[in-house]
Amino acid sequence: MKHSPVSPARRHFLGLTAAATGRVAASGALGMAALSSAQAKNNNNHPGWSIGVGNPHGGGGHCFLRGTRILTKEGEARIEDLGVGDLVETVRREFVPIKWIGRNVFKRSSPMWHQGVVPIRVSRSAIEAQTPHSDLYLSRWHCLFIDGCLMPVKDLINGASIAPAEPAESEIEYFHIVLATHEVIFAEGAPAETLLMATGDEYETFSNFGEYERLYSKHGSAIMAPFAPVVGYSGGKAHLKALLRLGVSTVVDVRDPVQVAYDRIAQRAKQHSFA
């Protein structure tokens with residue numbers, strides 16, 4: 001396992017975690033308004049992922065691109081160099097052993113990549129200073145942990161600091177980490193989710209699902225609770241007007257949590273130069 005220096009941004013998120021998790025209940029009421037929409041899309045196996053080469057099940061829509069550096073007990077290591085039993089650090093200040101790593105390979109069969117497969121680049125310092133500390137590449141539905149909620153990176157695309165990054169190569173390889181519970185770990189210094197086993201069979205969406213079955217048997221998957229509310233963009237102005245019709249005070253910020261985060265990150269992108 002190859003290691004590199006620990007991100008200085010980690011200390012900031014470790015300090016915020018206790019406060020952020022304490023806000024989960026408060027943000028949950030508003031976040032759950034967006035949850036049903038996000039889950040509905042989530043349960044459709046994410047259009048575009050069915051073209052995965054060597055993956056008979058399709059799916060696999062929440063992943064880290066090959067080369068992503070994950071924070072472990074020994075420092076940062078590229079995700080493809082990690083294995084079962086390696087300890088990764090979570091935002092709970094715990095070191096948790098990896099249970100399994102799923103992977104999928106996609107090959108381009110036309111001049112252009114299918115947009116459902118193209119990774120999203122979260123540029124260095126897109127979220128805040130040194131977060132992430134290097135460009136981070138995620139699949140569209142992979143969630144980042146922001147403001148006490150889990151948000152699909154696709155909902156944060158602003159075309160500047162967070163944007164699709166079509167690779168020049170003819171092959172894309174994605175990986176995901178399974179722990180005993182759904183957690184948030186550090187990828188290039190940014191807080192990102194591990195695989196959520198909501199039904200227990202999510203491992204089947206990866207091309208190496210047979211490894212999981214050999215390790216844990218087909219009936220060895222525990223259903224996990226989400227680490228935090230999973231929220232998605234739920235309609236912007238229409239949603240705001242609906243809340244105002246219910247008499248919600250205009251003094252209170254009634255935007256979706258993801259809209260609040262999007263606006264802040266987009267504003268940051270305007271104030272800084274992102275190549």
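**Questions on the predicted model**

Analyst: To begin, Ala198 lies in the loop between β14 and α3 (209-216). The model is a predicted one.

User: Is Ala198 buried, partly exposed or exposed?
Analyst: Buried requires under 20% relative accessible area and exposed over 50%. Ala198 has 40% relative accessibility, so this residue counts as partly exposed.

User: How many helices and strands does the protein chain have, and what percentage of its residues count as buried?
Analyst: The secondary structure comes to five helices and 14 strands. The chain has 275 residues. Of these, the share that counts as buried is 52%.

User: Among contacts with a separation of 6 or more, what percentage comes from residues 24 or more positions apart?
Analyst: The count takes in contacts in the protein chain with a separation of 6 or more. Within that set, residues 24 or more positions apart account for 70%.

User: Which element gives the most residues to the largest nonpolar core?
Analyst: The largest nonpolar core has 35 residues, and those with the most contacts inside it are Ile70, Leu144, Leu156 and Ile177. Elements that give two or more residues to this core include β9 (143-146), β12 (171-178) and α5 (257-271). With four residues, the element that gives the most is α5.

User: Which residues are in contact with Ile177, leaving aside neighbours within four places in sequence?
Analyst: Ile177 is among the residues with the most contacts inside the largest nonpolar core. With the sequence neighbours left aside, the residues in contact with Ile177 are Ile70, Ile79, Leu82, Ile98, Trp100, Ile101, Ile185, Thr194 and Leu195.

User: How many residues are in the second, separate core?
Analyst: Trp100, Phe106, Val118 and Ile172 are included in this second core. In total, the second core has 16 residues.

User: Which parts does the salt bridge of Arg69 with Glu188 tie together, and how far apart are they in sequence?
Analyst: The closest N and O atoms of Arg69 and Glu188 are 3.0 Å apart. Arg69 lies in strand β2 (residues 69-72) and Glu188 in the loop between β13 and β14, so the pair ties together parts of the chain whose separation in sequence is 119 residues.

User: Where do Glu183 and Arg92 lie, and how far apart are their closest N and O atoms?
Analyst: Glu183 is in the loop between β12 and β13, and Arg92 is in the loop between β4 (87-89) and β5 (95-97), 91 residues apart. Glu183 counts as buried at 4% relative accessibility, whereas Arg92 is partly exposed at 41%. The two residues form a salt bridge, and their closest N and O atoms are apart by 2.6 Å.

User: Are Lys154 and Asp155 buried or exposed?
Analyst: Their side chains meet in a salt bridge of 2.8 Å, N to O. Lys154 has 16% relative accessibility and counts as buried. Asp155, at 17%, also counts as buried.

Definitions and conventions. Residues are numbered from 1 along each chain as its sequence is written. This is a predicted model: local features need pLDDT of at least 70, side-chain atom pairs count only at pLDDT 80 or more; totals for chains, interfaces and linings use all residues. Side-chain values use heavy atoms; hydrogens and water are left out. A nonpolar core is a set of buried Ala, Val, Leu, Ile, Met, Phe, Trp, Tyr and Cys residues joined through side-chain atoms within 4.5 Å. Buried means under 20% relative accessible area, exposed over 50%, partly exposed in between (1.4 Å probe, protein chains only). Contact means heavy atoms within 4.5 Å. A salt bridge is a side-chain nitrogen of Lys or Arg within 4 Å of a carboxyl oxygen of Asp or Glu.
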